[in-house]
Amino acid sequence: MTDARTPSGACALSGTELAALDAHWRAANYLAVGQIYLMANPLLEEPLAPEHIKPRLLGHWGTSPGLNLVHTHLNRIVKARNRPALCVWGPGHGGPAVLANSWLEGSYSETYPDVSRDRAGMGALFKQFSFPGGVPSHVAPETPGSIHEGGELGYALTHAYGAAFDHPDLLVACVIGDGEAETGPLAASWHSGKFLDPVHDGAVLPVLHLNGYKIANPTVLARLPEDELDALLRGYGHDPLYVEGDEPAAVHRALAAALDLAVDRIDEYQRAARAEGVSTRPRWPMIVLRTPKGWTGPEDVDGLPVENTWRAHQVPLPGVRDNPDHLRLLEEWMRSYRPQELFDSEGRPTAKVLDCVPEGAARLGSTPYANGGLLLRDLPLPPLEDHAVRVDAPGTAMHEPTRVLGGLLRDVMTATAGRRNFRVVGPDETESNRLGALYGATGKAWQAEILPTDEHLARDGRVMEVLSEHLCQGWLEGYLLTGRHGLFSSYEAFAHIVDSMVNQHIKWLRTSRRLHWRAPIASLNYLLTSHVWRQDHNGFSHQDPGFVDHILNKSPEVVRVYLPPDANTLLSTADHVLRSRDYVNVIVAGKQPGFDWLTLDEARAHCARGAGVWEWAGTEDGSREPDVVLACAGDVPTLETMAAAGLLRRHLPELAVRVVNVVDMTRLLPHEEHPHGMPDAEYDSLFTRDKPVIFAYHGYPWLVHRLAYRRAGHAHLHVRGYKEEGTTTTPFDMVVRNDLDRYRLVMDVVDRVPGLGVRAVAVRQAMADARTRHHDWIREHGTDLPEVADWTWEG
Ligand SMILES: Cc1ncc(C[n+]2csc(CCOP(=O)(O)OP(=O)(O)O)c2C)c(N)n1
Ligand SMILES: [Mg+2]
């Protein structure tokens, strides 16, 4: 049955069109089943025998007929409307379906000529699926036309919106599984429509696929009463079109009608906004497709119902190789699609099957939008001299590093006003992260109501703020994967919310880099600036520097972590990451006023090295090896290290102290483990092989040990960092509580330089006393000791 709410007659498919669509759908279904089961005899030219069957049956049948149906009908609409389209396949575990369609339309064979569009190629297509040395069972980077890995569910719709932003001509269809719709990120994603500008952005057409089931359970949305589901989707701002049924011809008609209507409405909303300046937020159409899970597959297996139940999720006939009954059922099932009508004697799809398929780059598997590197243009970055802060002497003047960066980002926004290929995303803190200069060039995207008291909201804004780290991440991923640039600024602690999402993106990049046909895309850049040491308003809940640890577990060829200690090093780092490709870059940098240590030229050289000696800060004279190395990474640890170096200079002037600053954490890794890793000889000359190294690090200290454990001097490496001592307190108390403060660092030096403990007992005592003084002072005055708060580098 078709639902009464789908206007009948909106699309009158002719009998020929209907037959062609159905042929395409049957062909795709046949190919999906073939991929799951067969390693030989692809066209069933002989009766199926056990040796034709793969020894391990893997893959997901249940979702595949629905994906095939949607793909078939998207072909039709793309061809009829001559409009660029991309599809995000949320239930991408239905890899066989998307592969089948790509093979049918020819995209697959053009990308992988060995899998030709004929009998031999069909055999290869079948055998390679989920087979050692073959292709994954899910939609993956290897899949032509894809920007979305069919693995971890939840991100389909946010990716779809990311792809649509600033692509005004693009239609992004997005199939959402009813199981996926239960995830938090997907639930938040419905709100993306409030950020989609009908003038400058493309359209997203969600297709909610209510096949009723997940792996082992019914789905929430499929079991809601109709009016409740309708109210929910309308509440999200959509105008749902319903297509329901299990009789193919009726469903084809209804789906074609619904798609025609949806695209008509999208066209009209865009026309009104673009030609007439209509600024009311459109109630964008969406499609609710209710068809059986595992539709057209075996109805019953071993006496149990399968089609239209959760049992259809993966492989409905598990025993085909050994169970003649299952083998017979499989053959009947495959022959039910009438393959002899769909493929010619050479195994090529017939003209009727291909009738709905568009040409060339219009094909969903060939669209350049899904190979975004092809569309990528370099960012017009301003000269850093325009933004650098003047540094007459290190450690005297102060700047808020991110505010300085904000000026650079504003220039990038201004320079991309025409081409619109740069966005900044964040969960509600662009201004508080001191990046407010951006609003001199663009506003914050917003399509909902705007009140006179609001600031910087704009329908065409390219700063995007939404209180969902999942949406920020997903939008940006979709944006980057379709050929643009961006930056995600976030609280450091809450970046963990997207740990799992960034895992997936890193996997995507790792795999893509090995595919000759995928062009490099812009890197995903994080700016973590409300960091662990300066949560003055917040406290313990906001103190967690572990995102960096998470990132550094991942593929070394993809991940980069930078801790620029001041404004000019932040500028140089940002310039570098915004030019880079195919990486995930994490920059941790302060937004609070901090000392400027390096001139722009020095900053450039230091960042290029990634780690280096600050000669002016130490007391080496070059005549002998240093007695101790003070190393630091991160703005606050750098400050404490510099203060410790100053104390040592004053109290122990005969001590030869070397100060090393690390910007690029991966330099600490062995050269063989990471492309940025230092060769041992370089590491040894920087940190020495046998002198104590007191390393003040921004995050959890064990990370530095992990990175450096193979170095000759590791036994002498003593790392201070965050050890989960957090609360709402003064900035200096945070470092004292975690033993990262200047006084503790001096005590560490006294304790670790051989022979110094006895000679410098008075210095050690003075440092301990200073910590006690600090303890008492802050409890009385609520601020840090004047000697700390007013400290400057004396040189
Ligand atoms: C975040 C996440 N949790 C769990 C899974 C395991 N999983 C794979 S498929 C699936 C069911 C998906 O159901 P639905 O979205 O309705 O897709 P369909 O019915 O079309 O297969 C689940 C739970 C997953 N892939 N991702
Ligand atoms: Mg489902």
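View 1. A backbone N or O atom of leucine 153 lies 3.0 Å from a nitrogen atom of ligand 1, in a structure that is a predicted model throughout. Two further contacts involve oxygen atoms of the ligand: a backbone N or O atom of glutamate 180 is placed 2.8 Å from an oxygen atom of ligand 1, while threonine 63 brings a polar side-chain atom to 2.7 Å from an oxygen atom of ligand 1. Of the 590 Å² that ligand 1 exposes when taken alone, the protein buries 74%.

**View 2. The residue shell around ligand 1.** Ligand 1 is surrounded by 16 residues, of which the closest are Thr63, His93, Asp178, Gly179 and Lys293. Sorted by class, this shell comprises 7 polar, 5 charged and 4 nonpolar residues.

**View 3. The magnesium ion (ligand 2) and its protein donors.** Asp178 (OD), Asn211 (OD1) and Tyr213 (O) are the protein donors of the magnesium ion, at 2.0 to 2.2 Å from it, and along the chain they follow the spacing D-x32-N-x1-Y. Asparagine 211 and tyrosine 213 are both buried.

**View 4. Helix α22 and its start.** Helix α22, spanning residues 742-752, is mostly covered, with 9 of its 11 residues buried; the buried residues are Arg742, Tyr743, Arg744, Leu745, Val746, Met747, Asp748, Val749 and Val750. At the start of α22, the backbone nitrogen of tyrosine 743 has a side-chain oxygen of aspartate 741 within 3.1 Å.

Note on methods
Residues are numbered from 1 along each chain as its sequence is written. Chains are lettered from A and ligands numbered from 1 in the order in which they are written. This is a predicted model: local features need pLDDT of at least 70, side-chain atom pairs count only at pLDDT 80 or more; totals for chains, interfaces and linings use all residues. Side-chain values use heavy atoms; hydrogens and water are left out. Donors are N, O and S atoms within 2.8 Å of the metal (3.2 Å for Na, K and Ca); water is not among the atoms, so sites may look incomplete. Buried means under 20% relative accessible area, exposed over 50%, partly exposed in between (1.4 Å probe, protein chains only). A residue is near a molecule or strand if one of its heavy atoms lies within 4 Å of it. A polar contact is a pair of N or O atoms within 3.5 Å; within protein, one must be able to donate a hydrogen and the other to accept it, and residues adjacent in sequence count only if both atoms are side-chain atoms. Accessible areas come from the Shrake-Rupley method with a 1.4 Å probe; for residues, only the protein chains shown count as cover. Ala, Val, Leu, Ile, Met, Phe, Trp, Tyr, Cys and Pro count as nonpolar, Asp, Glu, Lys and Arg as charged, and the others, Gly among them, as polar. Helices (H or I, at least four residues) and strands (E, at least two) are DSSP runs, numbered from the N terminus.
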